[in-house]
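Please go through this two-chain model with me.

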Amino acid sequence: VETAKLSDPNPSWRTEILTYGLTLLLTGVAVFFLLRLGQTDWRIPFSYEHDSFLTLAWTKTLLDNGCWLTNPYLGAPGQLEMYDYPTNCDLHFLALKGLSLFTSDPAVSVNLYFLLSFYLVALTALTALRSMKLARGVAVVSSILYAFLPYHVWRGEPHLFLAAYYMVPLICMVVVCLGSSTSFLLVRNEATGRLQLELRSLRSVGSVLICAAIGWDFPYYPMFAGFFLLVAGLYAWARHAAAGTLGRTMLLVGVTVAGFVGNLSPSLVYWWRNGPNPSPLHMAKRSWTDGEAFGLTVTQLLLPGPGHRLPWFKSLHDKYYAASKLISEGDAMALGTIGSLGFLLLIGCSVYCHRSASERGQRFHLLGVLTVCAVLVCTAGGFGTAFNLLGLGMVRCYNRVSIFIGFLALAAIGSAMDILYRRYAAYRCGRWIGGAGLAALLVLGLADQTSCTYLTPFAAVKEAYQSDADFVARIEASVPKNTMVFQMPYVAFLSYVNAYHRMQPYDHFRGYLHSHKLHWSFGAMHGRSIDDLHAQVASLPVESMLCALASLDFGGIYIDRAGYADNGQELESKLRGLLGTQPLISRNGRLSFFDLAGFKQRLIYSPPWAHWGPGFYVEETAGSYHWRWCGKEGLLYLMNPSDHPRQVRLRFLVRTCRSGAATLRITCPAFSEWLPVDASGSAFTKTLELPPGRFTIRFDCTAAPFVEGGRSMVFGVFNFQLESDS
Amino acid sequence: MLDRGEIMPRKAFKFFVAGAIALALCAFSMVKVMKLDGADLKVPLIYGVDALLVETLAKGMIEKGWYWENDAIGAPGGFQMFDFPLADNLHLAVMKLIALAIPDGAAVCNIYYLLTFPLITLSCLCVFRAFQIAYGPAILGSLLFSFLPYHFQRSEAHLFLSGYYLVPPMVMVILWVSRGQVFWHAPRCGVVSRPRHNGVAEEEQQRPRFELLSRRALVSVGICLLVSSAGIYYAFFACYLLLVAGMASCITQRKIQPLAPALVLIAILFVGVYANLYPSYAFWRTHGKNPTVAVRAFQESEVYALKIAQLFLPVSGHRLGYLKDLESRYQQQTSLLNTNDYLGVVGCCGFLLLLARLPRRRSRSAKPSLLDDLLVLTMAAILLATIGGFSSMFSLLVNTSLRCYYRMTIYVAFCALFAVVFRLDRLARRYVRTWQARIPGYAFLAGLLVLGILDQTAGFCYFDYASTKVEYLQDRAFVRALEQTLPPGALVFQLPYKPFPETGFAGTHHLYDYELFRAYLHSKSLRWSYGAMRNREVDRWQGAVVQKPLPQLVETLALAGFSGIYIDRNGFADAGAALEAGLSSLLGSKPLVSENRRLAFFNLTAYRQLLRNRSAGFSGGS
């Protein structure tokens, strides 16, 4: 190790470019054959199920609206607002936005980005490995193997932003640089002896940019990046005890955190204005026990990938997964045989290379320590579990650190191969043999790491996709532009209670994905007012539900029959009876659609009704007493389903949560009033003329808030009554 | 060296005094922590679950010589442990010695369990002293190691695991191997350094050499032989850590020879374990293996794995409210619950202290630190035993017999406490050089000891001795009453039928494994049906008999020579009401019932006589 030459004798840009070109070429060949691109159609998503609907919907949101956070085509009569589920993938959304210059089809964009991720991962891994002074051939092989880890295909398009892990090698490069005590970014001025910021070298600027960029990546990656940066910083400090090392670490971690927080800022602003999501079932609320259930295990790192080509490996894999009670995210963790050897090598290096004086030996030790620390924290029941239990941990799926470990392991095995390669490359035949060995290793490694287990059967995907596209096109042809469609069964978006019978959580996005001019009810954030409205409407008897939908101006009902035990027969027969029309049915018989236009014409005598909007919390009751607490501001919607104005009378009591005099401002197009309120209660009665459609009343109170259980309560509306003229 | 006029060497005297202090503190802590003033040593401290098996084995050993066979249980054939072997002959031998003085199974178990505390304290103290640790930190470490929550969690129910007094000596041997001090003597530093200027003598000292009959070699062999007879788990972990230490030594010295001592000691452990299990192997050669006993699935190694988080989670019912709530929350919510094997606050500090050494840089010429060796052992132990660690691969690929890898905790705990003790020792050597400095030093150690023991112990360390005694005496009275109605050597069939061993609650309502041994524990002259090895001839017969309708069952039992039926009502959903009603009408008699109404007994003597008369009538008629 000590005698190995660490720098290439003839570094030249032409050779480097050729190396990158060769990597791209080999990656392209591997992508084509291993992903069976010959059988696919670019315009059809490679995956059309489960989480891939979410990915496709986000991408279409971005293409339709320019921003992924809100979408007026979803969550009707409101809109999709993603603030409560900050996915923080702006880096990837920017990339998808860039792709939108070439295509406006979400399926094509997602397909392209997924395929592009293989190239990007290979290129960034090559960059990182070359920065560690690995020989070109070794670096090319290791980087391509890294791009084809089982993690990549397992994540696939459903977890597109995790599959695009091209920032991981780059941040690992920064981590290694930091742990190696290289002087950059924060250097000591030789003249003054003081530490100063240095932003002129490529290394400094690059590391800052990489840290900032990873802050914009999927939240797991910046969190793990912060962890590895801290470990590397402490490692360097423990070995050299230089103040600059700690300062450098803090700077890089600070940049990562700043990027992360900056990326999160729209959600932070939203929560500041609207309060946190009140639903305990919202998906962003994770139990600490998830840290254990989705932990990393060493066995799963070492086990062969799914559907292995060697029968013994395959049976070993199947035996484990058939019986183990701790599946976590299973095959996504597998490192492949070469990665596994690298992992074991690193475990050994973590304790046995601590005396090494060579640069390479010290790097082995650093990589080993990083790996051991990652295992200790992220293993099921490891330190991560303890952090989560104490409320300090933010990570749920600790197993996802496997992609960092995968890089460290392949870097280690690459370094080991590099020693052998350089030793024999001095001889002419040695170079040929070395090259042939690397080529064989690449082929064997790819054969070991890949299989067709997680490739979705394309013919089935195409059939389902085209059936849905055809169905939505027929709906669009039968209803006016901008018609709102209510989707049944009611499925709360991003709630833990989100799957019915054969239906998966995001199946309702099927409608939107093929639509160009309709507004769909699915996508209202669970726990917020529109979702409450959907739940309320869907719980009504069918006839009342139709009245409510018509008054909300919905023009149709879309039914996913997979969401019903009886395939939606009972609901459809009632709708047929009430609406007097036959539904449109999709080619594969899964979806149906009822047009409400005729029903809305008949609906002129239904009484007005009220719906509580943003600001108001869920209704509470005590006997005949019922009330809703509200924050500082709140909205009340009055619905008049008829086509003419109706006389209504509002009657309720207002109480503040805290004692002391305050005023409540009640404004609407018809009137504006100041009502003095206090904790004892003030009565309010008003008669007004309600125009057809939705009528909004705004409440704004000056009282002090009372915060409890995540709710900021300012005033409450008690025993609300709405009486109409008929 | 002896001074003129000294009876005992100064060092030995100091060690004797330190040992006496440690033992006194140990005894005091035991009485306080376990509230022994309320216990009766003639009554088992635990009277249920696995403790019943241990007590049965102890009683069998006292009465029958050893534990392998016992004709007082497993009737009509007899009890044979060959299919469920234990490599714990050392523990049984010590218990046998105790039994020579006190021939009572319960008392022997109690005494041995209580004896494990001072034994652990002493063995730990000896090991620390072997590494030149000052007495103060050594006593502290020994007592904290002895009072680990692991000890109380295993308790008398897992008596042989509670006797972990060989773990410190085993770690000492592993450290010797790691440092090249057994069989193969390596130079003191990490790599073979060249002699500088001190001439031939130093060169000789620096040269690596084999030494097969040194004192350390003999001690190592002896310890390995003892460990191989003190439980399969500790022996297996020792093999694994020896292999790691040997490989560490190999890599550090860049030679293959240092692996040899590790392999030799592993071979000794293997031979020792094989010798312990030899009766079983011999039995299996003639009778074949039993495919249903002690069968483990590989995934059990994940279920019973070590959890790093639980090493740091406080004990159940901790004295501090916040920590108590934290542990309780964990217990209630986790889906991967295992036994809590907290390292204690001092042990946790030691664990972190070792981890903090991971990144430290060591010079190639520097003498290897003991802490580095402990770090290697700790890391290796964690990587093997953690959930889904190497143990899982081992179970998947090699052998599923071992499943409770959380028991590696005890090796981890010793390494962690050793790290603390070592650091305290170094601090003491640097800063505590005068009498004035020693007083605050000892005060600090005393404070740490009190804090550590309070932190590591809580309500789970003692039992409700009074109610156990009542239950025990009630069972005794019942069995004695029953014995008065039957002749010596009479067979008693126990219901519900429960295969032995390890069936949990399967098919027997609230009746757990080994509960039916209660009768045997109090019996002097009767023979009991429970204890026939599962899937062997007698067990198969018992299983077939209980399938019969009640009249045929009773008749078959009577013809097979059984003189009574013993019923544990906890084994039936209706508390045995239907069975007892049937038996009462069939036999025309009411059962004898224990004071606590749990046990019932039907005497078959009259029924047997009736059958005998009937068969005599038949033969007379024919």
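Q: On what conventions does the model rest?
A: This is a predicted model, in which local features need pLDDT of at least 70, side-chain atom pairs count only at pLDDT 80 or more, and totals for chains, interfaces and linings use all residues. Residues are numbered from 1 along each chain as its sequence is written, chains are lettered from A and ligands numbered from 1 in the order written, and side-chain values use heavy atoms, without hydrogens and water.

Q: How many helices and strands are there in chain B?
A: Helices (H or I, at least four residues) and strands (E, at least two) are DSSP runs, numbered from the N terminus. By that rule chain B has 26 helices and nine strands.

Q: What is the radius of gyration of chain B?
A: The radius is taken over C-alpha atoms, and the globule rule is 2.2 Å times the number of residues to the power 0.38. For 622 residues the rule gives 25 Å. Chain B comes close to that, so it is as compact as a globular protein of that length; its radius of gyration is 28 Å.

Q: Is B:Ser584 buried or exposed?
A: B:Ser584 sits in helix H25 (residues 577–587) of chain B. Buried means under 20% relative accessible area, exposed over 50%, and partly exposed in between (1.4 Å probe, protein chains only). B:Ser584 has 16% relative accessibility, so it counts as buried.

Q: Which residues is B:Ser584 in contact with, leaving aside its neighbours within four places in sequence?
A: Contact means heavy atoms within 4.5 Å. With those neighbours set aside, the partners of B:Ser584 are B:Ser589, B:Pro591 and B:Phe602.

Q: Which three residues supply 20% of the area that chain A buries against chain B?
A: Buried area is the accessible area (1.4 Å probe) that two parts lose on being put together, summed over both. Chain A and chain B bury about 4000 Å² between them, 69% of it on carbon and sulfur atoms. More of chain A's share comes from this trio than from any other three residues: A:Tyr352, A:Arg355 and A:Leu389.

Q: Which residues form the salt bridge between chain A and chain B?
A: A salt bridge is a side-chain nitrogen of Lys or Arg within 4 Å of a carboxyl oxygen of Asp or Glu. The rule finds one across this interface. Its closest N and O atoms are 2.7 Å apart, and its residues are A:Glu292 and B:Lys307.

Q: In which helix do A:Asp418 and A:Arg422 lie?
A: A:Asp418 and A:Arg422 form a salt bridge, with the closest N and O atoms 2.8 Å apart. A:Asp418 is buried at 0% relative accessibility, and A:Arg422 is buried at 18%. The two are four residues apart, about one turn, in helix H18 (residues 402–425) of chain A.

Q: How many residues apart in sequence are the parts that A:Arg590 and A:Asp507 tie together?
A: The side chains of A:Arg590 and A:Asp507 meet in a salt bridge (2.7 Å, N to O). Both residues are buried. A:Arg590 lies in the loop between strand S8 (584–585) and strand S9 (591–595) of chain A, and A:Asp507 in the loop between strand S5 (484–488) and helix H21 (509–513), so the parts they tie together are 83 residues apart.
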